[in-house]
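My entries follow in the order in which I checked things.

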Amino acid sequence: MTYKAETSEEYIAQLPEDRKEPITKLDELIKKNMPKGLEAGIGYGMLAYYVPKSIYPDGYHCKPFPPLPFINLASQKNFIALYHSGLYAKKELYDWFVNEYPKHCKYKLDMGKSCIRFKKMDDIPYALIEELLGKMSVEEWIEIYENSIKK
């Protein structure tokens, strides 16, 4: 689902009632614990946490105008999606997350390469997400991006 918003508050105000609380909690958790240097805003119709152009002027290779994305958060039709580029780019981080997830949730992990889908609003592993946010710095993300993705 796409929402027209320029701020996280505008985005959240448009959500169905059952999504407002978990998205607000995730947004606050990410903002409080995201790697130093990231900025929060709106990108690609979602809540976005990205490397600003002041740190990485090249921006995103597909479209150099926007800043380099790192984490996105979205309310989709049937789930909340948390996109973490580090999970896609660093196998060790992906493996760690997949191994830790069952320790925090009673339901099976529903995940793509960087997208974690939460269908049960009462079983979002906030503590695990907080831990994930501390596993990769902005500098490491830029290095991985430069060496592996931007080719």
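I take contact to mean heavy atoms within 4.5 Å, and helices (H or I, at least four residues) and strands (E, at least two) are DSSP runs numbered from the N terminus. This is a predicted model, in which local features need pLDDT of at least 70 and side-chain atom pairs count only at pLDDT 80 or more, while totals for chains, interfaces and linings use all residues. Residues are numbered from 1 along each chain as its sequence is written, and side-chain values use heavy atoms, with hydrogens and water left out.

Entry one, the surroundings of α5. I looked up its buried residues (under 20% relative accessible area, with a 1.4 Å probe and protein chains only) and found Y126, L128, I129, L132 and L133. Seen down the axis of α5, these fall within an arc of 160°, taken from the directions from the helix axis to the C-beta atoms, so they line one face of the helix. Their cover includes α2 (17-33), β3 (68-75), β4 (80-84), α3 (85-89), α4 and β5 (115-118).

Entry two, the pair itself. Helix α4 (residues 91-104) packs on α5 (residues 126-133) at an angle of about 160°, with the axes 10 Å apart; axes are lines fitted to C-alpha atoms over the stretch in contact, and angles run from 0 to 180 degrees between N-to-C directions. The two helices are therefore roughly antiparallel (over 145 degrees). From α4, L93, W96, F97, E100, Y101 and H104 meet L128, E131 and L132 of α5.

Conventions: Parallel < 35°, antiparallel > 145°, perpendicular 65-115°, else oblique. Buried < 20%, exposed > 50% of the residue type's maximum accessible area, 1.4 Å probe, protein only.
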